Amino acid sequence: MSADVKTIKIYMMPLEYPCGPQSACCGPIGQSEEEIKGLKETIERELRVNVGLIDVKKEGIRLSDSQVLKLLNTFGAMALPVIALDDKVVSMGNLSPQQAVQALRQKLAE
């Protein structure tokens, strides 16, 4: 693999309703399948890169992903999705796909 190849990861959690779908006590947490698919496809198309998805509920967070782990410990599921470039956090929380592309472009230009 070439040294100039960048790794982009989206840390996400599938949409769930902790108190039940019709509950008024709390809202849903996580991201819908369509939301994540749209984000991933837009980043890949606009930046011509491959994007890896990491489901934090299924796969967990590795120690090497310490920035993401700190965000989750601080903000909980509200931090998701987290977008990382070469293991450095670029954004957290719900951004539009175009906002995510803009944030990644800025980091790639540095």
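Select Arg48 in this predicted model; Arg48 sits in the loop between α1 and β2 (51-55). Its phi is near 55 degrees, a positive value in a residue other than glycine. At 75% relative accessibility, Arg48 counts as exposed, because the cut-off for exposed is over 50%.

Next, go to Asp87, in the loop between β3 and β4 (88-92). Asp87 is not a glycine either, yet has a positive phi of about 65 degrees. Here the relative accessibility is 37%, so Asp87 counts as partly exposed. For context, most residues other than glycine have a negative phi, and most peptide bonds are trans.

For a peptide bond that is cis, select Leu80 and Pro81: the bond from Leu80 to Pro81 has omega near -5 degrees. Pro81 belongs to the loop between α2 (66-75) and β3 (82-85).

Now show the helices α1 (residues 33-47) and α3 (residues 97-109) together. They pack with their axes 9 Å apart, at an angle of about 45 degrees. The two helices, α1 and α3, are therefore oblique to each other. The crossing in which α1 passes α3 is right-handed.

To see the contact itself, display side chains on both helices. From α1, select Gly38, Leu39, Thr42, Ile43, Glu46 and Leu47; from α3, select Pro97, Gln98, Ala100, Val101, Leu104, Arg105 and Leu108, which those α1 residues meet. Sorted by class, the contact of α1 with α3 comprises 8 nonpolar, 3 polar and 2 charged residues.

Stay on Leu104, and leave aside residues up to four places away in sequence. Which residues does Leu104 touch? They are Ile8, Ile43, Leu47, Ile83, Leu85 and Val90.

In soluble globular proteins, nonpolar side chains tend to be buried together.

Definitions and conventions. Residues are numbered from 1 along each chain as its sequence is written. This is a predicted model: local features need pLDDT of at least 70, side-chain atom pairs count only at pLDDT 80 or more; totals for chains, interfaces and linings use all residues. Side-chain values use heavy atoms; hydrogens and water are left out. Axes are lines fitted to C-alpha atoms, for helices over the stretch in contact, and angles run from 0 to 180 degrees between N-to-C directions. Helices (H or I, at least four residues) and strands (E, at least two) are DSSP runs, numbered from the N terminus. Angles under 35 degrees count as roughly parallel, over 145 as roughly antiparallel, 65 to 115 as roughly perpendicular and the rest as oblique. A crossing is left-handed if the near helix is turned anticlockwise from the far one by less than a right angle, and right-handed if clockwise. Contact means heavy atoms within 4.5 Å. Ala, Val, Leu, Ile, Met, Phe, Trp, Tyr, Cys and Pro count as nonpolar, Asp, Glu, Lys and Arg as charged, and the others, Gly among them, as polar. Buried means under 20% relative accessible area, exposed over 50%, partly exposed in between (1.4 Å probe, protein chains only).
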